[in-house]
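The following note sets out some points on the structure shown below. Please read each point with the structure in view.

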Amino acid sequence: MASFWVQQGYGKSDKIERLYDAGLLGGVLLSPADEEPPALQATRESTPDVEVLLDPQTYVYSIPGGTARCHEAHGLAVPNLNWGMAASEVEAVVKAVIDANDRLGVTNLIAPTVVQRSLNDVWTSLALQMARTTISVVGEQRRVYVSAVIEEPALANWEDVANWLDIATGLDADGFYVVVDRVTQSSYPAMWNPSHLTNLLRLIYSLSQLNEYEVLTGYSDIEGILQIAAGASGSAAGWFYSLRAFSDGKWQPSSGGRQATPRAFSVGLLTPLLAVGEGEQVARSELAEEAYPDEDVRTALANNPDGWSLVTAGSHHLGSLATVVNDVAQQGSIPARLDAVEGRLADAHGRLITLEQQGVPFSGAYRQRLETFRRALADFRALEGV
Amino acid sequence: MSLTCSEIAEAFPEYYFVKELGDGTFKVACLVEENGEQKVLKVSKASVKGPDANLPERLRREIEAMKQVDCENIAQVLDGPGVREIGGEERVFYIERFYPGETLDKRLGSPWAAEDTSALLRGLLTAVKALEEAGIVHRDIKPENIVFDEDGKPVLLDLGIAYYKDLSSITEPFGPSPKTPRWAAPELFAMRSTVVIDSRTDLFGVGVLCFEAATGGVHPFNPDDPEHYMERLNSGKIDAEALKDASVPESLAGVLVRLLQGAPNRRFRKVDAALKASEAC
């Protein structure tokens, strides 16, 4: 069973079906904010053998100026969402989520939630109330995943996280859907504060291993392999950068930015390199096969990097990431998964240094990012004794 | 509030009075006999007004809970509650089944065999599971509240300070929970309104008792040294040497360590999971 999930958004073309046909897909997280019901229904029907869940995305309305283009069509618009909502209002939101799932033929539910700015403010109690109400209304007939959409700075203090866990682990749910709002990040790939990432891994470990919930992480990317190693059963990423790192900006009106520069994800470097320049030089280097094991990809990048389109980049990224995520998950035990990820990170880090020494002009952020991952993982292992 | 055994014996001529079993803060317990069957008669020290008076809420909840929970590891209420004039005042009484084994505190002198500790663990977890299913947290699992039946099975007594998840609280939310400190989980020391009290709180108490049984009375966190006691309790730093000294098998020690974690989220989430783990010990 694959552990890689797709975080669906608009403009999916055939990306999901290709992963599904390749046996790389563990599940799909539908995005009702981005697509009308017929499109989501079609996605669900095109992937009959994997779990499909609807992220209700009610958290959009807890983001200042947050809007969701297609929510009205799903009956999921909650413009009056506020932390003082009455129990009856919360129940109405939950029932709207159940109805939206029913219309799409989705059996198991992700509970609605809000973005939690910290783990002990007024929004936290509303998030818990939404979770409890969903569990209560749904009963035992369908599996319920509690949503936890948490701003990254809320992960700064482990004591706060642990106190939240004491409450959250009292919920009689089947799983958790965990998303980190990378509120301070704007560039791709987003950097992590290592202690925040350590605490996120500990949160996942506590939920999945100590408390036996199924844990799905959403809007993830390469850090998804760390999350799988820490105990998550699924990690989701999408084809756009905004589907690989959650940020408030995705939900706020904008005049549109400049088009993204195509990147080519290197499995051997665990880094999304710029196709033109970085990817091109690596594909011609002596480490080309380790960085890009697929010969067609090496050839394309080495000979025609300008032809590496955003569509190609998106599909290639998902396929490559899925391969790594699924491979880590198949290692079995948590220590074995962690060993595998540490090995991959060490290898990737060593290759980056070698390539830098050979004159490939990488952004310094790539190496720093891998070092952050390694440090977070080492701290996590030490603190949890795994 | 004073109440003597002779006053109780006089008020219940239908029973043969055998002996006093205990004289607590709120109740007196007497061993009585009826038609050759031994029972425990418990009488509340507080008086109530008139035979139709409302029972004190805490006592009403305790008796209702014991009647509601059907588990051989929880003391069984046979009759009551009733109100009768005892010692010149109207008082509440009820009858419990008598369990002939002594209380656990009398058996903690030397380390128990691993299979006996495991049996105690499973019995207490079965009791806590039954309470969990009824939405009740005992909050006072301690050696004096454990007796043994004819077959040597542990039986949990006294729901006097239990917490009922579906009922309004009758304790002050801005103060700590009622408890017996030596066997209390760390969250019972914190302000009620800031912590979660659920079955995991009772798992901690079970962990302390079974640790004491396994080690011959050694407390996992050494409350006799009050300096840094709360720190040890919150961090779950147990006296691991005591487990080694008593040659407690690894599988049993592993379960005890998990039960004794300071943060509830690091214990077993459900009593059933603890019970399953204990079955492998």
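1. Two residues are in contact if their C-beta atoms, placed from the backbone, lie within 7 Å.

2. The model is predicted: local features need pLDDT of at least 70 and side-chain atom pairs count only at pLDDT 80 or more, while totals for chains, interfaces and linings use all residues. Residues are numbered from 1 along each chain as its sequence is written, and chains are lettered from A and ligands numbered from 1 in the order in which they are written.

3. A residue is called buried if 20 or more other C-beta atoms lie within 10 Å of its own, exposed if 12 or fewer, and partly exposed in between, with C-beta atoms placed from the backbone. Of the 386 residues in chain A, 52% are buried; for the 281 residues of chain B, the share is 42%.

4. A nonpolar core is a set of buried Ala, Val, Leu, Ile, Met, Phe, Trp, Tyr and Cys residues joined through C-beta atoms within 7 Å. The largest such core has 123 residues, and Tyr145(A) and Ile204(A) have the most contacts inside it. Helix α12 (residues 310-329) of chain A supplies the largest share, eight residues. Because domain 1 (4-251) and domain 2 (263-384) of chain A both contribute residues, this core lies between them; the domain bounds come from an automatic or database assignment. A second, separate core has 73 residues, including Val43(B) and Leu157(B).

5. Helices (H or I, at least four residues) and strands (E, at least two) are DSSP runs, numbered from the N terminus. Chain A has 14 helices and eleven strands, and chain B has eight helices and nine strands. Among contacts between residues at least 6 apart in sequence, 71% in chain A join residues at least 24 apart.

6. Where do the two chains meet? The contact takes ten residues from chain A and eight residues from chain B. On the side of chain A that touches chain B, α6 (158-168) and α7 (194-210) each give two or more residues, and α6(A) gives the most, with four residues.

7. The C-alpha trace of chain A spans about 65 × 45 × 40 Å along its principal axes. The C-alpha atoms of chain B fill a box of roughly 55 × 45 × 35 Å, also taken along the principal axes.
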